[in-house]
Amino acid sequence: MPTSADHGAGSAGLAALYQERILEHYRRPRHKGTLERATGVHAEKNPLCGDDVTVAVRTSGGTVADARFTGVGCSIMQAAASMLMELVAGRTREEIEVLARRFDAMLASGEADASLGELGALAGVASFPTRHKCARLPWMALRGAMEQSKGE
Amino acid sequence: MSAAPRADFPLLAANPGLVYLDSAATSQKPRVVLDAMRSYYENANANPHRGAYKLSGISTEVYHDARREVARFLGAADADTLIFTRGTTESVNLLATAWGHQHVHRGDRIVVTRLEHHANFVPWQQLARDVGAEFRICELTHDGHVDLDQLRALVTANTKVVAFGHVSNALGTINDVPEIVKIAHAIGAVAFCDGAQGAPHLRVAFDDLEVDAYAFSGHKMLGPMGIGGVIVRRKLLEAMHPYQFGGDMIEFVFDGDTTWNVLPHKFEAGTPNVADAVGLAAAVRYLDALGMGVVRAHEVALSRYALERLAAIDGLHLYGPASAEARSGVVSFTLGDIHPHDVSTMLDVDGVCVRAGHHCAQPLMRALHTNATVRASFYVYNTAADVDALATSLAKAKARFHAHVG
């Protein structure tokens, strides 16, 4: 049984979790705002902490032309949303599914995945299981928005 | 100095670096509680009230003694009016279901306060929806107290119940129980008190409090999880329908109807949780040995010190009453623009355990215009050094978060 003394992450883990690239996205989020002519919009909430994110996409022929997010929440959620919006522009529905699986795999392993672009910086979240949901929330909202956008 | 030796608590003793500041969620358990439960299973385990053999008799006796011990601790002379439940949540559900459906009807009013934990909010809200009653929430004064003037106005002639917490789990506010009871009784409503955050920290004298029911949780007062209870005025309990049906709570079961056992059994269907009741009895004996006056004084001193240390941190916003005397050992705050979950994660790495979130009080968080706060809560084993560790870790968190701003 893990004991309370096992802070698997330690302060090195904390440095990885709150690295500058993540805090920078938190302070100056990219692609934050409403999206005109959105083809799919979906909101996800984490009732435990009140995190709340809405993702809007505009797709054309199954490819993301543009994506935006709005919402409030912790640094990990906000940074993940900001980085995710940057990653998905120009991607097809199928590519996004593959990336989503890779992101989940990264949270399980803690190994940064270069194919995830800046989101690779979130590998440090792996050592903080109570924070996985924060990093996954924007992905859940994106999936909902893509679902609504089907056929566009 | 702590009020109780850290060495008495095996988990704390085994983790010297741990700064446990989440006792409002659940307390740590002293060895005497764990030993009492183990000893019950090793020496007295049998299904009580069932067998004619000696061991079952011993188990029955042990269970009865535990009830007497806890009732005595909470100042109730009539021990059979203490119903054991899984905890405060089940206790409130018992009241809202068994008493509520019998006494609250369309057009009646139920009054709660803005401070309530979801466990003392949702059961009443849902009862109101079920029967078509009005559900009204008494708002707070600017310093986090129940607005008693508004309460007087809200408690109208059609009000059947005022349900309120003894102490707010989110802000630590200690409510004026006698005054709230007076307001309820003035128009003939019952006053039900959620004592989950009261019983662990304040001397409760049920027979003097005049509340009609007082609910509590064992695990917040050094006892095990899964046991708690509610003390209810005998005349209310005797008139109430049972809450759950099954073994133990019956007297005679006929093909077409059933008669009910006497108190407390009428409200305790199924095999009782004897081992946890024994653990809870050991916990209240332990608290008695410390002295509830000492427990309270210790918490006021720690809260005062914490309020002082935290107020000195630039950008830290404190919620709740300004004075330590008006609170239990709970300090709720936000740290600048850093989300409470980020604060909590950064503190965790320093071994400082605090709660971040809405504290099961979403209606209160909305009124405070926030989604979440950080909450540090103190109990008998905490020390000024724990407060220092909290303040130091908060300063580090702030530096880390704001290091590269600009």
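1. A residue is called buried here if 20 or more other C-beta atoms lie within 10 Å of its own. Keep that in mind for helix 1 of chain A (residues 10–17), where the buried residues are A:L14, A:A16 and A:L17. Bear in mind too that this is a predicted model.

2. Looking down the axis of helix 1 of chain A, you'll find its buried residues within an arc of 160 degrees, so they line one face of the helix. And what do they pack against? The buried residues of helix 1 of chain A sit against helix 12 of chain B.

3. That takes us to the contact between the chains, to which chain A gives 24 residues and chain B gives 21 residues. On the chain B side, the elements giving two or more residues are helix 12 (340–349), strand 14 (355–357) and helix 14 (384–402). Helix 12 of chain B has the largest share of that side, with six residues. By class, the chain B side splits into 10 polar, eight nonpolar and three charged residues.

4. Now for a helix pair within chain A. Helix 4 (residues 93–109) and helix 5 (residues 132–148) of chain A pack at about 165 degrees, their axes 11 Å apart. Angles over 145 degrees count as roughly antiparallel, and therefore helix 4 and helix 5 of chain A are roughly antiparallel to each other. Their crossing is left-handed.

5. Who touches whom there? From helix 4 of chain A come A:R93, A:I96, A:A100, A:F103 and A:L107, meeting A:H132, A:A135, A:W139, A:R143 and A:M146 of helix 5 of chain A. That contact has seven nonpolar, two charged and one polar residue.

Conventions. Residues are numbered from 1 along each chain as its sequence is written. Chains are lettered from A and ligands numbered from 1 in the order in which they are written. This is a predicted model: local features need pLDDT of at least 70, side-chain atom pairs count only at pLDDT 80 or more; totals for chains, interfaces and linings use all residues. Two residues are in contact if their C-beta atoms, placed from the backbone, lie within 7 Å. Helices (H or I, at least four residues) and strands (E, at least two) are DSSP runs, numbered from the N terminus. Ala, Val, Leu, Ile, Met, Phe, Trp, Tyr, Cys and Pro count as nonpolar, Asp, Glu, Lys and Arg as charged, and the others, Gly among them, as polar. Axes are lines fitted to C-alpha atoms, for helices over the stretch in contact, and angles run from 0 to 180 degrees between N-to-C directions. Angles under 35 degrees count as roughly parallel, over 145 as roughly antiparallel, 65 to 115 as roughly perpendicular and the rest as oblique. A crossing is left-handed if the near helix is turned anticlockwise from the far one by less than a right angle, and right-handed if clockwise. A residue is buried if 20 or more other C-beta atoms lie within 10 Å of its own, exposed if 12 or fewer, and partly exposed in between; C-beta atoms are placed from the backbone. The arc is that of the directions from the helix axis to the C-beta atoms.
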